[in-house]
Amino acid sequence: MSKPSPWRSPMIQVWCGLLLIFFVANGVFIYLALTNNPGLVVDNYYERGQDYENTMLSRLAANPGWEMRIELIDSPVLHQPANLRFHLSSNSGELLPPDTVRLFAYRPSNAAGDFDLPMRDLGNGVYDVDVTFPLPGVWDLLAVVIKDDAEFSEALRVHVTKAP
């Protein structure tokens, strides 16, 4: 009488099946990761990382003590303009005329939708812009003030919803 083959055992077949499913699923995940690149990596990442500390220290040293605040007037809805205001003043409350004020909108999950817009000066240190978001989801907004070749910014994260 011969011994039965271990490959006939249901336990061995279940474990082999689970192992096969594991490898196939990981292969699918690796394939999707390589083919669906969101493009969020920059070419000179190493140089930018090295310069980060020096850049931040120089910005802190050159900080003029401005008070900056982004105010979302309208709730952002997909493909509908939303008004956004930016308030800029010094600690003493005096008006500060910057060279330019721009709004940059970044989508953390996909760099293809990023855009920037110039902001209108309403006077009294208040700037505004009408923003129309092309994609739903989370957006990082960055109001950038440029004064005498120095750049200062204020950030706000918003969630853009689809129209009801």
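Before you start clicking, here is one definition to carry along: a residue counts as buried when its relative accessible area is under 20%, as exposed when that area is over 50%, and as partly exposed in between. Keep in mind, too, that this is a predicted model.

**Stop 1: the whole chain**

Show the protein chain as a cartoon. Its secondary structure comes to two helices and eight strands, and along the sequence they follow the pattern α-α-β-β-β-β-β-β-β-β. The accessible surface comes to about 11,800 Å², and carbon and sulfur atoms account for 59% of it. Of the 164 residues in the chain, 24% are buried.

**Stop 2: two phenylalanines side by side**

Select Phe 22 and Phe 23. The whole structure contains five aromatic pairs, and these two residues form one of them. Look at how the rings are set: the pair is edge-to-face, with 5.4 Å from centre to centre and 70° between the planes. Are these residues buried or exposed? Phe 22 has 49% relative accessibility, so it is partly exposed. Phe 23, at 53%, counts as exposed.

**Stop 3: the sheet with E1**

Next, colour strands E1 (66–72), E2 (81–90), E6 (126–132) and E5 (120–123). These four strands form an open sheet in the order E1-E2-E6-E5, with antiparallel pairing. E1 and E5 are at the edges with a single partner strand each, so one side of each has no neighbour in the sheet. From one strand to the next, the twist averages 25°. Zoom in on E2 and E6, an antiparallel pair joined over seven bridges. Here you can find His 87 opposite Val 126 in E6.

**Stop 4: the sheet with E8**

Now give another colour to E4 (115–118), E3 (100–106), E7 (137–147) and E8 (150–160). They make an open sheet too, in the order E4-E3-E7-E8, and the pairing is antiparallel. Which strands are at its edges? They are E4 and E8, each pairing on one side only. The twist in this sheet averages 20° from one strand to the next. E7 and E8 run antiparallel and are joined by 11 bridges. Select Trp 139 and you will see it opposite Val 158 in E8; both residues come back at the last stop.

**Stop 5: the nonpolar core**

Hide the surface and select Phe 86, Met 119 and Phe 133. These are the residues with the most contacts inside the largest nonpolar core, which has 23 residues. The elements giving two or more residues to this core are E1, E2, E3, E6, E7 and E8. Which of them gives the most? It is E7, with four residues.

**Stop 6: Phe 133**

Show what surrounds it: leaving out residues up to four places away in sequence, Phe 133 touches Pro 76, Leu 78, His 79, Phe 115, Trp 139, Leu 141, Val 158 and Val 160. Two of these names, Phe 115 and Trp 139, join Phe 133 in a cluster linked by ring pairs.

Before you leave, try the distance tool on the C-alpha atoms of Phe 133 and Thr 161. These residues are 28 apart in sequence and 9.7 Å apart in space. Across the whole chain, among contacts between residues at least 6 apart in sequence, 57% join residues at least 24 apart.

Notes
Residues numbered from 1 in each chain as written. Predicted model: local features only at pLDDT ≥ 70, side-chain atom pairs only at ≥ 80, totals over all residues. Heavy atoms only, no water. Core = buried A, V, L, I, M, F, W, Y, C linked by side-chain atoms within 4.5 Å. Buried < 20%, exposed > 50% of the residue type's maximum accessible area, 1.4 Å probe, protein only. Contact = heavy atoms within 4.5 Å. Phe/Tyr/Trp six-rings, centres within 6.5 Å; stacked < 30°, edge-to-face > 60°. Areas by Shrake-Rupley, 256 points an atom, 1.4 Å probe, with all protein chains shown as cover. Pairing = 2+ DSSP bridges. Axes fitted to C-alpha atoms, helices over the stretch in contact; angles between N-to-C directions.
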